[in-house]
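This report covers selected features of the structure shown below. Please keep the sequence and the 3D view at hand while reading.

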Amino acid sequence: MKGFTHFISGIAVASFFPQAVHMASQEQSFILCLGGIFGIMPDTLDFKFAKYFHKSDFEIKPDPNNLDAMVIAETVAKAIRKAEQEGRGTVQLHTMQLGSNLWRSYTLAFDSATSEVVVDIGPEVDTGQVPFEGTELKDPTKAHARVKVESQFFQQFDKKSQIAIMSGPCFEFVKRGEGKIEIVFLPWHRTWSHSFTLGMLIAVLVGLFTFFMVPEGPNPELYSIPRWMLYPLIILFGSMVHIIEDSTGFMGNNLFYPFTKDRTNGLGLMSAAEAIPNFLFVWTSIICILYNLDRFRWAPESTPPGIENPTTFFFWFYAIPLAVMAYFFFKGKKAKGKDKDKGKGKGKPYSSDFDSATSVERETDASVI
Amino acid sequence: MAILETLLNPAYLDLFYFTALGVIFSCAISFLPALHIYNVIGIFLLVILKFEATMAPMQLIALCIGMIVGYSILNTVPATYFGPGDESLSYYILPSAAWVAKGRGFESILLTGVGAIGGIILLAVLAPAFLWFMPGLKSITSPHMFWILGSVISYMILSEWPKGVSQSENCWENFLEGWKFLGIGIATFLLSGLLGFIVMAKTLVPIEFAFQSITPVFVGLFAIPWLITNIINIGQIPKQHDPESIELDWGLVCRGTFGGFLGGFFAAYVPIVTAGVGGLMAGHATAQRDGRLFVMSYGTCKTVYYVGSFLLFFIPGLSLTRGGLAWIVTPVVSVLTLKEYALFVALMLFAAGMAYLMLAPFTRMCIWIVEKIAYFWVSVIALLIVIPAVFVFTSWGGLAIMTVATGIGLLPVMFQARRMNLMGVLLLPVCINMAGYGNDVMRFLGLI
């Protein structure tokens with residue numbers, strides 16, 4: 001899901017605590033922002049920290065002056081062979097920057113039918129990934145390579161990965177049952193940072209701090225949760241909502257790291273960067289926030305409500321938009337299905353699925369991956 | 001029926017005249033390089049207000065409607081070719097520069113025009129609904145504005161991702177390379193926020209020019225760094241293609257307009273939030289990816305932001321003063337009824353139609369200028385107009401503030417961080433003041 005979706009969902013979760021809403025309106029507290037900050041935190045940890053400290057067994061830094069697809073394919077195959085022997089192998093692919101706005105592209109694919117690693121050197125592209133015509137390699141033996149490996153492999157995203165701009169992707173190869181090799185895209189992503197364990201740990205640490213530091217606020221008799229406990233709960237639920245939202249996509253999370261070693265698959269209900277599912281979560285969050293801010297307003301007996309009739313409110317502002325979103329979502333799915341069938345018939349590639357390795361590398365909002 | 005009678009009354013024809021005049025003025029205003037609309041309108045109205053005795057309040061408002069609608073649609077043109085005047089424009093300007101570099105600047109401007117018209121139509125369609133739900137929305141959100149701004153700030157900072165391409169064996173080297181961009185973004189936000197506190201507490205601008213105290217800040221943060229970059233970097237822009245048609249479909253129009261409207265409405269409703277910030281958030285909320293979609297949705301966002309914030313002021317009984325123009329006209333408006341609101345919507349539609357018709361010729365004129373005069377000289381001339389203009393309106397104190405602001409404004413340009421972080425100049429002090437901690441911060445900074 002988009003970073004914004006996680007962020008606003010975190011705020012929405014925080015708004016379900018009446019005391020937090022009262023603290024915001026009566027004591028000028030920023031506590032509701034805490035939900036948003038921890039809503040986006042798992043991706044912040046991955047893309048601003050974990051990414052940099054992940055060590056790969058093999059690194060591919062293609063030489064732009066001596067391009068050879070075979071060298072790249074062989075190195076990827078070495079990582080697969082390492083996994084065959086030792087259980088795991090990782091490879092980091094780097095991009096080739098030729099100028100401030102000029103890059104040489106190449107693609108990596110795994111042909112599971114023939115157990116081959118397939119590499120193609122592509123044209124030069126600008127940072128917007130617009131290719132420059134005539135910059136393709138002339139020598140086909142250098143431009144294309146296929147390297148066969150012993151084991152069969154499988155992956156969640158059966159797509160080509162384009163390595164072109166900024167930083168390149170990382171793959172992990174893991175030996176599974178029957179000697180099959182699983183291809184894991186971005187092995188450092190959605191692991192410890194996207195676990196219930198980390199959320200719980202941070203909540204416990206914050207809870208210890210707030211237990212000693214946060215005094216009871218005014219009118220404690222109004223609330224069932226003591227004030228010190230609000231902070232860890234908002235942090236825990238804020239990060240949990242991120243993990244739940246991510247689980248609706250394809251990649252999944254590693255929920256109980258370090259007790260579980262690998263990411264589980266997501267539910268595959270929607271792609272992380274699809275517009276309508278993202279907006280559905282955003283809109284649901286906005287509606288929840290507004291409803292909660294109104295029903296938990298301070299002194300409800302003397303302050304008129306902003307939402308006079310909740311049924312009317314939910315009908316006009318939630319049921320109707322939901323119906324419209326559902327209509328366009330299923331219409332889009334149907335059209336996509338038709339495109340897919342057409343593509344199959346003519347040997348064209350499928351239309352891009354946003355959660356795939358191919359498109360995520362072009363994504364400006366990293367949290368969508 | 002009453003609304004129709006009002007609209008068809010020949011006595012109101014003068015309002016259309018003043019609206020048309022406003023659109024024509026907006027052409028000239030938007031042509032002034034790199035200046036913020038509200039400052040220019042402020043000066044402009046000072047001149048106009050001399051005629052206040054002969055102008056009815058609604059005539060003045062019609063003039064303002066023409067100016068703001070016209071500006072919101074036409075300012076894309078000089079911003080694309082000569083440089084952005086504020087943050088709302090600089091959000092769009094980098095993608096638009098890429099279109100200009102490919103000779104497709106005209107096309108990008110027309111796309112923003114389509115988006116703007118979509119935004120105006122949506123505003124008009126939703127105008128009756130605003131009467132129904134805006135009071136409720138205001139009552140719910142009023143006590144919470146400060147943390148909403150706090151959330152905007154948090155998201156702005158957290159949603160900037162590392163850009164480093166270091167491929168070192170050393171993890172820390174890669175980490176520092178990636179964090180260089182993030183660090184500059186955060187530093188830019190904090191420094192501009194600090195500047196905001198200083199300017200708000202102890203401005204160097206002489207008291208008689210107090211209404212222009214923010215001008216040197218905006219010129220320094222947004223306009224001058226852009227012009228300097230142009231002078232240093234750009235040679236001649238490529239020949240601009242004058243398209244006979246643009247590639248669009250209804251799906252794209254609807255998605256662009258919808259996303260842009262959300263961002264523009266958020267920016268119009270939440271104080272201090274600009275179209276750039278609103279557009280970023282709406283773009284992420286609606287998962288925009290297509291380049292054309294971005295450009296068009298930006299057109300909607302910017303127009304809804306400028307015009308919507310003025311429209312909100314006219315909702316009877318709401319007293320929602322958002323945006324500089326609403327504050328500027330407050331002294332001349334005594335009572336607002338449904339009639340004024342309906343007239344506003346009618347005049348807004350009229351002005352939008354007129355401005356849209358002027359968009360293509362205005363663009364051709366700007367292209368003609370940049371094709372005749374080297375882009376370098378266009379930027380030099382713009383710089384030579386801006387700096388004396390700041391001096392005239394804000395004296396030496398203003399120039400000093402502008403110089404400091406320029407230093408901060410150059411940070412994101414040099415390190416490729418988000419220019420949006422420069423909005424810290426308003427977001428940070430206003431958010432902290434709204435939360436009631438302003439005095440503590442100012443005391444800590446030794447400003448009071």
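## An enclosed helix in chain B

Helix α17 of chain B, residues 424–434, has nine of its 11 residues buried, so the rest of the structure largely encloses it. The model is a predicted one. The buried positions of α17(B) are B:G424, B:V425, B:L426, B:L427, B:L428, B:P429, B:V430, B:C431 and B:I432. Just after α17(B) comes B:G436, which takes a positive phi of about 90°.

## Chain A overall

Chain A contains 10 helices and 10 strands. Its C-alpha trace spans about 80 × 45 × 45 Å along the principal axes. Of its 369 residues, 51% count as buried.

When contacts in chain A are limited to pairs at least 6 apart in sequence, 70% of them join residues at least 24 apart.

## Helix packing in chain A

Two packed helices are described by the angle between their axes and by the distance between those axes. In chain A, helix α3 (residues 31–53) packs with helix α7 (residues 227–247) at an angle of about 40°, and their axes are 7 Å apart. Because of that angle, α3(A) is oblique to α7(A). The crossing of the two, α3(A) and α7(A), is right-handed.

On the α3(A) side the contact is made by A:I31, A:L34, A:G35, A:F38, A:G39, A:I40, A:P42 and A:D43. The α7(A) side contributes A:L230, A:Y231, A:I234, A:I235, A:G238, A:S239 and A:H242. By class, the residues in this contact of α3(A) with α7(A) are nine nonpolar, five polar and one charged.

## Helix packing in chain B

Which angle do helices α12 and α13 of chain B make where they cross? The axes of α12(B), residues 275–285, and α13(B), residues 291–313, cross at roughly 130° and come within 9 Å. The angle means that α12(B) is oblique to α13(B). This crossing of α12(B) and α13(B) is right-handed.

The residues of α12(B) that take part are B:A275, B:G278 and B:G279, and they meet B:C301, B:K302 and B:Y305 in α13(B). This contact of α12(B) with α13(B) has three nonpolar residues, two polar and one charged.

## Backbone features in the loops of chain A

Most residues other than glycine have a negative phi, and most peptide bonds are trans.

A:S115 is not a glycine, yet its phi is positive, at about 55°. It lies in the loop between β4 (102–111) and β5 (116–125) of chain A. With a relative accessible area of 6%, A:S115 is buried. A:L186, also a residue other than glycine, has a positive phi near 45°. This leucine sits in the loop between β10 (181–185) and α6 (196–213) of chain A. A:L186 counts as buried, at 5% relative accessibility. The remaining place involves a peptide bond: the one from A:Y257 to A:P258 is cis, with omega near 5°. A:P258 is part of the loop between α7 and α8 (275–295) of chain A.

## Contacts between the chains

Is A:W316 buried or partly exposed? A:W316 belongs to helix α9 of chain A, residues 310–346. Its relative accessible area is 46%, so A:W316 is partly exposed. Apart from neighbours within four places in sequence, A:W316 is in contact with A:P321 and B:W132.

B:S151 is a residue of helix α8 of chain B, residues 145–158. B:S151 counts as buried, with 5% relative accessibility. Once neighbours within four places in sequence are left aside, B:S151 is in contact with A:F7, A:I11 and A:C33.

Terms used:
Residues numbered from 1 in each chain as written. Chains lettered and ligands numbered in written order. Predicted model: local features only at pLDDT ≥ 70, side-chain atom pairs only at ≥ 80, totals over all residues. Heavy atoms only, no water. Axes fitted to C-alpha atoms, helices over the stretch in contact; angles between N-to-C directions. Helix = DSSP H or I, 4+ residues; strand = E, 2+ residues; numbered from the N terminus. Parallel < 35°, antiparallel > 145°, perpendicular 65-115°, else oblique. Left-handed = near helix turned anticlockwise from the far one by under 90°. Contact = heavy atoms within 4.5 Å. Nonpolar A, V, L, I, M, F, W, Y, C, P; charged D, E, K, R; others polar. Buried < 20%, exposed > 50% of the residue type's maximum accessible area, 1.4 Å probe, protein only.
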